[in-house]
Amino acid sequence: MNNYILLPIIGIAMLLIAALISNIIKYEGGANPKDPKKRKVVFWLFFFLNPAVTYAIGLLTSPESGIAKTKHMDSLPIGLAIGVVVYLLVGFVISKVMKNSKVGHWF
Amino acid sequence: MRCLESFVHLCAIGMFDNQEINVLTLDTDATNGNLERVRKLVGLYSDIKSGTTKDGGTPNHNTFFSAKLNLYGFYTDYNSTSRSTYRNISKLTEGASSKQNKMLSDLFLDNNSVQEFNLAHGYRAQTHLGSHLMYHGIIEAARNLAAGGDVSNAERDLDEFIQKISKAGEEARVFIFGSVFGGTGASSIPVIPTALSDAMKVRSQGKSPLDVTKVKFGSTLLTEYFSFKKPDQAEMSTKANSVIADSSFFPLNSQAALQFYQGDPTVQNAYKRLYHVGWPLESKSMDKNSPNKTITGGATQKNPCHFVELVCACAAFDFFNADNLKAEGKAEYLFRTGEFENGAFNFKASDLVGNQKNIDERLIDKLGAFLSLAHITLTKNEAGFGNKGFAGLRKQLEQNNIDSYSTVTDKELDQLDEYMRLFGYNFDSSNNFQSGWIYQVRDSLQPGNFIFANAAFSKSIKELKGLDVGKLFEDENYHWEKGGVFSDTYQTFVKSLTKLSLDDSAHLVNHTKEKFIAHLHDGIMASQSNR
């Protein structure tokens, strides 16, 4: 599959995993609940993991040789950048739209 | 006073929605520990309801603390030497008729004991003396008020209370809490309707008499349910202590009192409803903390609450909400019973309030919701361990971008924490568990049960830490859904809390603190509806 499509999809998948983990983190009681901070950490952890995972998948899906490989490798950084931007942008939008939910703690 | 404590908690859970209730505490012992405790409780309740001014707030709808309470306090003053005993108050040796007065007094009241004991700690189960003196105390206050001049705060409070009854006229409903076996309550129940009526006549100098037959009076006929150490001869050696109530006579006192209430036409005509409340099991000992001395009253008399006092509060609920109270005629005598098996009671909500119009479900919902709130604040948010529970809840809302309650002050949130500790529990600075009202009520029922599961009343820190705030009922049908594999019901509550939008007008709330309380109420109700 084209890197310009695959890598943003992987970015979205990473975002969904971050959202899932954020939802699993329980609301804590007490005067200083730490749960919002934990969710924020999860979001940024996946933000930094995203390029690494995306790059690894990009390598794994690369054709073995020839012009196809060159094209694939050339599009990898751009797809990767798109994936990161998509992760950040969609994450920001979701966080603001669902500001009273657990993912609202991301921003 | 402990019946009133239960009544205030019923108001706090929201059973007296959108009502304004005037409370008059009547005691002979202004320093009594139970009186002080209930006055503190009502004061705290009013502070919680108040906005910027200390006016006790306004009645609200479908929320916690929804009734407005106005507290008045009247006590007969027996502290000075000239008023410390019946003999001193009556001035038996003075006046032209002193001989006749003395003979009449000796006929009804024992010369060496009843006429001589110190009245500062109440009437000490001498009901005949108590009725006479309580009536006298109220009429004396009315005379003072009519004369003007030096009027005490207690007399002013009595006056305001009587004016409220007078203003309400035929709509007025007055419910009197008191036992029939002890001193002050037992003495007061027979004379209060007449005393208030006569006081009104004296106060208004006959111009606007309160027609006692128009006002609807109700009361409990509460028979013995607690005991204390039998006083020994050494304790009774002084004249001031020549009479000390002996709880071994309470069953006999109760029996005699019930015969009186069954047959006395004055009582039958003055009251519209009389609720029989009794405890057929062994009376609970009240002097575990002072095994060597009989506590006759004073600041040290702070006894734990009992289930029958909750029953009495529910009787008041029934009386205030009854839509078929007879306007005239003799009193109705009412009672309910509960399931009793294997030496223990297993009470249902309908045993307390009946089941007309699903009122038992309402009690379950409201009491369950407030107990959940208690565990949310005391256990989950650690107010029971000296931390700030409601501040934690507000922070939870702020972290979820709901910051409309930032103007509620820390002091106001502390008051809410304090109320929940009085309702639920508290660990003191030495980590000793202190039972609040609902724990005390539950303890008094043991080994019996009432609606809730044993886990809801844990006293162990470890168990409390693992408590699920939406699973407090014995019947699992009332448990909240936990909303996910890795979730618990506290998560359901916070999710409900953060999702809902508060309808101020539906709750009749006016200031931010009331809105905050209504928001928490709705959050719990939404969690309950997920069950």
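These legends walk through several close-up views of a predicted model. In this model, local features need pLDDT of at least 70 and side-chain atom pairs count only at pLDDT 80 or more, while totals for chains, interfaces and linings use all residues. Residues are numbered from 1 along each chain as its sequence is written, with chains lettered from A and ligands numbered from 1 in the order in which they are written.

**View 1. Two domains of chain B meet.** Chain B is divided into domain 1 (2–78 + 118–322) and domain 2 (360–529), with bounds that come from an automatic or database domain assignment. Their contact takes 27 residues from domain 1 of chain B and 27 residues from domain 2 of chain B; two residues are in contact if their C-beta atoms, placed from the backbone, lie within 7 Å. On the domain 1 side, the elements giving two or more residues are α1 (2–13), α2 (33–49) and α10 (307–321) of chain B. Helices (H or I, at least four residues) and strands (E, at least two) are DSSP runs, numbered from the N terminus. By class, this side of domain 1 has 13 nonpolar, 11 polar and three charged residues. Here Ala, Val, Leu, Ile, Met, Phe, Trp, Tyr, Cys and Pro count as nonpolar, Asp, Glu, Lys and Arg as charged, and the others, Gly among them, as polar.

**View 2. Helices α2(B) and α14(B) cross.** The axes of α2(B) and helix α14 (residues 410–423) of chain B come within 10 Å and cross at roughly 140 degrees. Axes are lines fitted to C-alpha atoms, for helices over the stretch in contact, and angles run from 0 to 180 degrees between N-to-C directions. The angle makes α2(B) oblique to α14(B): angles under 35 degrees count as roughly parallel, over 145 as roughly antiparallel, 65 to 115 as roughly perpendicular and the rest as oblique. On the α2(B) side look for B:L41, B:L44, B:D47 and B:I48, which meet B:Q415, B:L416, B:E418, B:Y419 and B:L422 in α14(B). The residues of this contact divide into six nonpolar, one polar and two charged.

**View 3. Four parallel strands form an open sheet.** The strand order is β3-β4-β6-β8 in chain B, with parallel pairing; two strands pair if DSSP finds at least two bridges between them. At the edges stand β3 (173–176) and β8 (332–334) of chain B, each pairing on one side only. Neighbouring strands are turned by 20 degrees against each other on average, direction ignored. Four bridges join β3(B) in the parallel sense to strand β4 (residues 216–222) of chain B, and B:I176 stands opposite B:S219 in β4(B).

**View 4. Three strands form an open sheet with mixed pairing.** Their order in chain B is β9-β10-β13. Because β9 (339–341) and β13 (449–450) of chain B each have a single partner strand, one side of each is left without a neighbour in the sheet. Strand β10 (residues 344–347) of chain B pairs with β13(B) in the parallel sense over two bridges.

**View 5. Two loops of chain B hold backbone details.** The peptide bond from B:Q446 to B:P447 is cis, with omega near 5 degrees. B:P447 lies in the loop between α15 (437–445) and β13 of chain B. Phi of B:E382 is near 65 degrees, a positive value in a residue other than glycine.
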